[in-house]
Amino acid sequence: MTDTAAPAHEPMGRFERLLTLWVALAMVAGIVIGLLAPGLVQAIAAAEVASINLVVAVLIWAMVYPMMVGVDFGAVAGVARQPKGLLVTLVVNWLIKPFTMALLAVLFFEHVFAPWIAPEDAAQYIAGLILLGAAPCTAMVFVWSQLTRGDATYTLVQVSVNDLIMVVAFAPIVAFLLGVTEIAVPWSTLVLATVLYVVLPLLAGLVTRKLLGSQEAIDAFTAKIKPLSMIGLIATVAILFGLQGEVILAKPLVIALIAVPILIQSYGIFALAYGAAYALKVPHRIAAPCAMIGTSNFFELAVAVAISLFGLNSGAALATVVGVLVEVPVMLSLVAFANRTRARFPSAQ
């Protein structure tokens with residue numbers, strides 16, 4: 001399989017390369033707004049229907065919809081020609097990653113960090129980390145694939161299959177892991193959030209693709225709406241930190257503590273997936289993206305569900321936002337490593 005028939009994925013632009021900076025600035029802006037205009041932030045927090053915040057729902061759709069337009073389920077049939085890369089992706093994403101993240105979360109927040117974190121706060125951070133671990137990446141994988149010269153068509157297949165599984169597996173896995181950690185699970189809200197933030201955007205993306213018709217029209221439309229994802233993300237982060245400002249200022253180490261298990265998980269999952277692909281002699285153009293999918297997180301979904309389940313000002317929402325801050329520098333370091341080790345992999349099968 002070559003990438004000549006694949007949709008062209010643009011290299012990471014200056015804005016995307018500086019995403020960590022923009023997220024950090026959004027955090028600062030959110031804290032300042034929360035301190036100077038608490039009524040505004042509280043009014044946004046109060047705009048809820050069935051435990052779903054309406055303002056955040058619009059912003060999450062702005063993040064998710066552009067990536068769903070890029071998903072072509074017609075490409076799934078092509079995976080039969082080279083199944084090993086997809087096998088690595090699915091095993092790591094759905095049989096390993098959610099459970100190792102839950103294990104690390106419990107290990108650190110119920111044991112290692114227990115002297116510094118109140119039990120009720122620890123439970124919230126664990127929940128947020130579980131949501132991150134159960135939501136493997138979708139859209140940003142196209143960026144990492146481009147930067148590692150990955151096979152764009154195969155990456156699209158991996159993302160498409162991953163999204164299909166996410167529709168049916170995300171809610172049960174999250175509910176199971178939250179139950180294991182003895183956190184009350186509002187099933188109706190969890191299912192509603194999954195439908196709202198995965199199923200409906202996916203259907204909207206498929207309808208949009210059908211209406212647009214040609215791949216050229218789809219690519220042009222996606223390029224136009226792409227900025228919505230970043231705007232939605234940054235605005236959501238600002239709102240979250242507007243509500244979390246007092247907690248962050250009172251406990252500045254909490255961000256660093258939350259980042260520790262995320263960093264261990266990220267580098268560990270990448271090593272596992274990349275090593276498995278190497279052992280299976282998967283070509284680098286497939287191996288690099290398949291490792292990136294498991295390492296990166298669908299943080300838009302994790303943030304949305306955390307807000308829906310636990311509230312805008314919850315520790316769970318804060319933990320998912322820390323995942324956003326950590327992700328870009330981690331993934332860029334792994335892109336550099338993958339590019340340096342390209343020669344160790346076969347170039348074709």
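**Chatting through the model**

Colleague: New to this one. What kind of model is it, and what is the mean pLDDT of the chain?
Modeller: This is a predicted model. The protein chain has a mean pLDDT of 81, and 85% of its residues reach 70 or more.

Colleague: Where is confidence lowest, and where is it highest?
Modeller: The lowest is helix 1, residues 14–17, with a mean of 63, while helix 11 is highest at 94. Also, residues 1–9 have pLDDT below 50, and that stretch has 25 contacts in the model beyond near neighbours in sequence.

Colleague: OK, new topic. Which residues make the nonpolar surface patch?
Modeller: Val 28, Val 32, Leu 35, Leu 36 and Leu 249, and the patch comes to about 500 Å². Helix 2, residues 19–36, gives the most to it, with 4 residues.

Colleague: Take Leu 35, then. Where does it sit, and why does it count as partly exposed?
Modeller: Leu 35 is in helix 2. It counts as partly exposed because its relative accessibility is 46%.

Colleague: Switching to the backbone: what's the phi of Arg 149?
Modeller: Arg 149 has a positive phi, about 60 degrees, though it isn't a glycine. Most residues other than glycine have a negative phi.

Colleague: Where is Arg 149, and is it buried or exposed?
Modeller: Arg 149 is in the loop between helix 7 (139–147) and helix 8 (152–180). With 61% relative accessibility, Arg 149 counts as exposed.

Colleague: And what about Lys 281?
Modeller: Lys 281 isn't a glycine either, and has a positive phi of about 60 degrees. Its loop runs between helix 11 (253–279) and helix 12 (284–295). Lys 281 counts as exposed, at 56% relative accessibility.

Notes. Residues numbered from 1 in each chain as written. Predicted model: local features only at pLDDT ≥ 70, side-chain atom pairs only at ≥ 80, totals over all residues. Heavy atoms only, no water. Helix = DSSP H or I, 4+ residues; strand = E, 2+ residues; numbered from the N terminus. Buried < 20%, exposed > 50% of the residue type's maximum accessible area, 1.4 Å probe, protein only. pLDDT = per-residue confidence, 0-100. Contact = heavy atoms within 4.5 Å. Patch = residues over 30% accessible without salt bridge, like charges linked within 9 Å, V, L, I, M, F, W, Y side chains within 5 Å. Areas by Shrake-Rupley, 256 points an atom, 1.4 Å probe, with all protein chains shown as cover. Salt bridge = Lys/Arg side-chain N within 4 Å of Asp/Glu carboxyl O.
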